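Good morning, and thank you for the time. Please have the sequence and the model in view while I speak.

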Amino acid sequence: ADKLLATLLEEQDDLMALEYHVDYWNNLIHGSDGSFTDPFSSEDYSLRQRQYNHSKLAGRPGVYTPQAVINGRSASVGSNRRDILKALSIRTEQSMSIIIGDGQPGESLRINIVGEASQREDLRGIDIMLVSYLDKATTKITGGENRNLTLVNHHIVMDVASLGEITTSGDMSFQIPRPADGEGCVVLIQEEAITPVYAAAQCP
């Protein structure tokens, strides 16, 4: 799954991919190999996966690893290239526009959420989320079922923060710190993991 994600990121310039590392493997003991705590794991991301499991995803829903969730609409085994590409080929129009540009030179980015009155009404109260990630990391596995392997991960989620929510009137504009070298971010319009991704944009 890690290798497939790296390949897809190389093949598709417009792919916005995020790795959420779950924590429920951390305490599993694998005989004499013991256990291994994923340094990027979080109980919040395990909760996110459980929320997806209740959101009636197409494909292969459930709580398992590795799992790929595409646009909050369908699920697949994370190493199944055919199923993932099939899901990615289903294009849906974004429900609103997310415009990301320069804020303070060299320091910040400005995010503007733009939509027609009807779009704002349809999505009123839906979260506007900022997901920050680490571009790439190499981890030596010291225990557990993958002991002695070296894994390379990409777009590893480090933080998920709420910027606000969709309103029916007024300005939806936000300033965020510009990602540091080796980091990135994505803005999502989505209510936790219980709705589809209505719109998304990659930070420049």
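How do the residues of the lining of the second largest pocket divide into nonpolar, polar and charged? Before the answer, a note on sources: this is a predicted model, in which local features need pLDDT of at least 70, side-chain atom pairs count only at pLDDT 80 or more, and totals for chains, interfaces and linings use all residues. Residues are numbered from 1 along each chain as its sequence is written, and side-chain values use heavy atoms, with hydrogens and water left out.

The lining divides into four nonpolar, two polar and four charged residues. Here Ala, Val, Leu, Ile, Met, Phe, Trp, Tyr, Cys and Pro count as nonpolar, Asp, Glu, Lys and Arg as charged, and the others, Gly among them, as polar. A pocket is an open set of points on a 1 Å grid over the protein atoms alone, where a 1.4 Å probe fits, with protein on both sides within 12 Å along at least five of seven lines; lining residues have an atom within 4 Å of a point. The volume of this pocket is about 300 Å³, taken as the space filled by probe spheres set on the points, which are joined across faces, edges and corners. Helix α2 (43-53) gives the largest share of the lining, five residues. Strands β6 (127-140) and β7 (150-165) each supply at least two. Helices (H or I, at least four residues) and strands (E, at least two) are DSSP runs, numbered from the N terminus.

I turn to the disulfide, defined as a pair of cysteine sulfur atoms within 2.5 Å. The count is one: Cys 185 and Cys 203, with sulfur atoms 1.8 Å apart. The torsion about the S-S bond is about -105 degrees, so the disulfide is left-handed. Cys 185 lies in β9 (183-189) and Cys 203 in the segment after β10 (199-202), so the pair ties together parts 18 residues apart in sequence. Cys 185 is buried, at 2% relative accessible area, as is Cys 203, at 10%; buried means under 20%, exposed over 50%, and partly exposed in between (1.4 Å probe, protein chains only).

Finally, the backbone. Most residues other than glycine have a negative phi, and most peptide bonds are trans. Thr 65 and Pro 66, however, are joined by a cis peptide bond, with omega about -5 degrees. Asn 71 has a positive phi, near 55 degrees, and is partly exposed at 34%. His 155, in strand β7, also has a positive phi, near 50 degrees, but counts as buried at 12%.
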